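Here's a quick briefing to read alongside the coordinates.

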Amino acid sequence: MVHYLQFFLNTSLLRQRDNAAYSSSTIYFFPFCMSARIYLAPMEGLLDCVLRDILTRVGGVDRCVTEFIRVTHTLLSERSFLRTMPELLNGGRTPAGVPVRAQLLGSDPVSMAENAARLAALGPHGIDLNFGCPAKLVNRHGGGAALLQNPEQLNRIVSAVRRAVPADMPVSAKMRLGFNDDLRAVECAQAIADGGAEELVVHARTKADAYRPPAYWERINDIRLGVGIPVVANGEIWTVDDARRCRQASGCEHLMLGRGMVSDPGLALAIRQSQRQGDANTDPVLPWSDVLPLMGAFWLLVVARLEKRQQAGRLKQWLNFMRRRYPQAQAAYDALRTLHDPELVAQWLQQQGALRQDLLQS
Ligand SMILES: Cc1cc2nc3c(=O)[nH]c(=O)nc-3n(C[C@H](O)[C@H](O)[C@H](O)COP(=O)(O)O)c2cc1C
């Protein structure tokens with residue numbers, strides 16, 4: 001019988017096996033001595049602990065950030081923090097050992113500080129503050145990107161959180177360029193830095209830009225020059241060449257990858273490889289035959305954690321991103337599109353060789 005939960009919690013064997021598999025190939029692991037860091041973006045409804053686990057097994061990622069945890073006027077229970085960040089039970093790291101930072105979203109400095117203090121006691125690898133969420137409900141309550149219209153409030157929130165958590169607990173922030181326009185981008189970044197954030201991720205678009213390309217990487221450069229803390233560039237990095245152009249335009253060495261990494265799980269590795277070798281390979285570095293077992297492992301975790309009616313949808317959601325980079329993902333998506341029964345999905349995965357016997361054994 002498959003002990004799915006055990007599979008999730010006790011992944012050390014699998015991890016050793018995966019590392020052995022990947023380290024045996026010169027394509028995937030190589031010495032990396034540059035200081036440039038690559039982070040996995042927070043993505044609510046998509047990049048949860050399951051996908052963080054899978055994507056960090058591939059390698060190349062220095063740190064993850066959880067989906068936002070919404071703070072209103074109540075003190076959240078430990079259970080609600082654990083729901084979003086089960087990695088807290090694993091020393092704040094994914095099973096592959098990559099540190100995870102927890103992200104809070106809210107507009108009230110006092111409540112944010114109280115929740116941050118409780119969260120800090122659970123041992124995340126830092127607390128990140130969301131100043132970019134474009135959701136109407138969140139913005140109506142003054143949170144997320146709406147705060148970019150009020151630098152003083154940004155400063156109050158960051159300062160309050162910084163004061164509330166132990167001095168050795170990093171506090172960082174993630175912002176967009178603005179709400180309706182980017183006129184106050186540098187002012188907002190300075191307010192965040194002055195509040196005591198140790199690092200700032202900038203998603204190079206305003207709330208009004210939503211997710212429409214392009215990302216205005218050159219505006220990140222203005223921010224970088226205007227603050228004295230490390231700035232991380234984010235937005236529209238889908239390929240190694242995008243990463244190179246983003247670094248050039250933003251002046252940032254550190255990058256955060258979101259949809260690009262979900263579409264191409266080897267993207268962080270490929271970017272590192274290109275830094276070392278100077279090439280800009282346009283094809284994914286992970287062959288589809290290596291993506292299949294990742295999909296199999298993903299499926300087992302999904303089955304262990306989610307209700308039956310959500311399971312097939314989660315796999316299709318991931319395939320929907322991957323078909324941007326892999327023709328095989330398009331074929332898989334077409335084959336699974338009308339399937340809702342998890343048993344049938346599992347059968348299909350088995351036929352593809354994605355559910356390896358060693359993954360199934362507990
Ligand atoms: C489905 C989805 C969910 C997201 N959730 C969050 C979130 O919880 N917190 C956050 O700061 N940003 C969130 N973002 C924004 C991403 O972190 C990132 O800034 C954005 O996708 C641009 O980067 P990319 O082009 O590499 O995807 C989300 C984006 C998407 C598409």
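Which residue stands opposite Ile-127 in β4? Ala-102 does. Before going further, keep in mind that this is a predicted model, where local features need pLDDT of at least 70, side-chain atom pairs count only at pLDDT 80 or more, and totals for chains, interfaces and linings use all residues. Residue numbers start from 1 along each chain as its sequence is written.

**Overall picture**

- The protein comes to 17 helices and eight strands; these are DSSP runs numbered from the N terminus, with helices being H or I over at least four residues and strands being E over at least two.
- Of the 362 residues in the protein, 49% are buried. Here "buried" means 20 or more other C-beta atoms within 10 Å of the residue's own, "exposed" means 12 or fewer, and "partly exposed" is in between, with C-beta atoms placed from the backbone.
- Among contacts with a separation of 6 or more, 69% join residues 24 or more positions apart. A contact needs the two C-beta atoms, placed from the backbone, to lie within 7 Å.

**Confidence**

- The average pLDDT is 90, and 88% of the residues score at least 70; pLDDT is the predictor's confidence in each residue, from 0 to 100.
- Watch residues 1–33: pLDDT stays under 50 there. For that stretch the model has 28 contacts beyond four places in sequence.

- β4 covers residues 127–131, and five of its five residues are buried.
- Ile-127, Leu-129 and Phe-131 point one way from β4, while Asp-128 and Asn-130 point the other way. All of these are buried, on both sides.
- β3 (residues 100–105) pairs with β4 in the parallel sense over three bridges; strands pair if DSSP finds at least two bridges between them.
- To get from β3 to β4, the chain goes through helix α5 (residues 109–120), and this β-α-β crossover is right-handed. That label applies if, with the strands pointing away from the viewer, the path from the first strand over the helix to the second runs clockwise.
- β4 also pairs with β5 (residues 171–178), in the parallel sense and over five bridges. Ile-127 has Val-171 as its bridge partner in β5, and Asn-130 stands opposite Lys-174 in β5.

**On to β5 and β6**

- β5 is mostly covered, with eight of its eight residues buried.
- β5 and β6 pair in the parallel sense over six bridges, and His-203 in β6 is the bridge partner of Arg-176.
- Between β5 and β6 the chain passes through helix α8 (residues 185–194), in a right-handed β-α-β crossover.

**Around the ligand**

- The ligand is surrounded by 21 residues, and the closest are Ala-41, Pro-42, Glu-44, Gly-258 and Arg-259. To count as near, a residue's C-beta atom, placed from the backbone, must lie within 6 Å of the molecule.
- β2 (63–70) and α11 (259–263) each supply at least two residues of that shell.
- By class, the shell divides into seven nonpolar, nine polar and five charged residues. Ala, Val, Leu, Ile, Met, Phe, Trp, Tyr, Cys and Pro count as nonpolar, Asp, Glu, Lys and Arg as charged, and the others, Gly among them, as polar.

- The peptide bond from Pro-213 to Pro-214 is cis, with omega near 5 degrees. Pro-214 is in the loop between β6 (199–206) and α9 (217–226).
- Ala-210 lies in the loop between β6 and α9 too. Ala-210 has a positive phi of about 55 degrees despite not being a glycine, and this residue is exposed, with 9 other C-beta atoms within 10 Å.
- Glu-236 isn't a glycine either, yet has a positive phi of about 65 degrees. Glu-236 is in the loop between β7 (231–234) and α10 (240–250) and is buried, with 20 other C-beta atoms within 10 Å.

- Where does Pro-109 sit? Its place is in helix α5.
- Pro-109 counts as buried because there are 20 C-beta neighbours inside 10 Å.
- Leaving aside neighbours within four places in sequence, Pro-109 is in contact with Arg-156, Ile-157 and Ala-160.
- Pro-109 and Val-161 are 52 residues apart along the chain, and their C-alpha atoms are separated by 7.3 Å.
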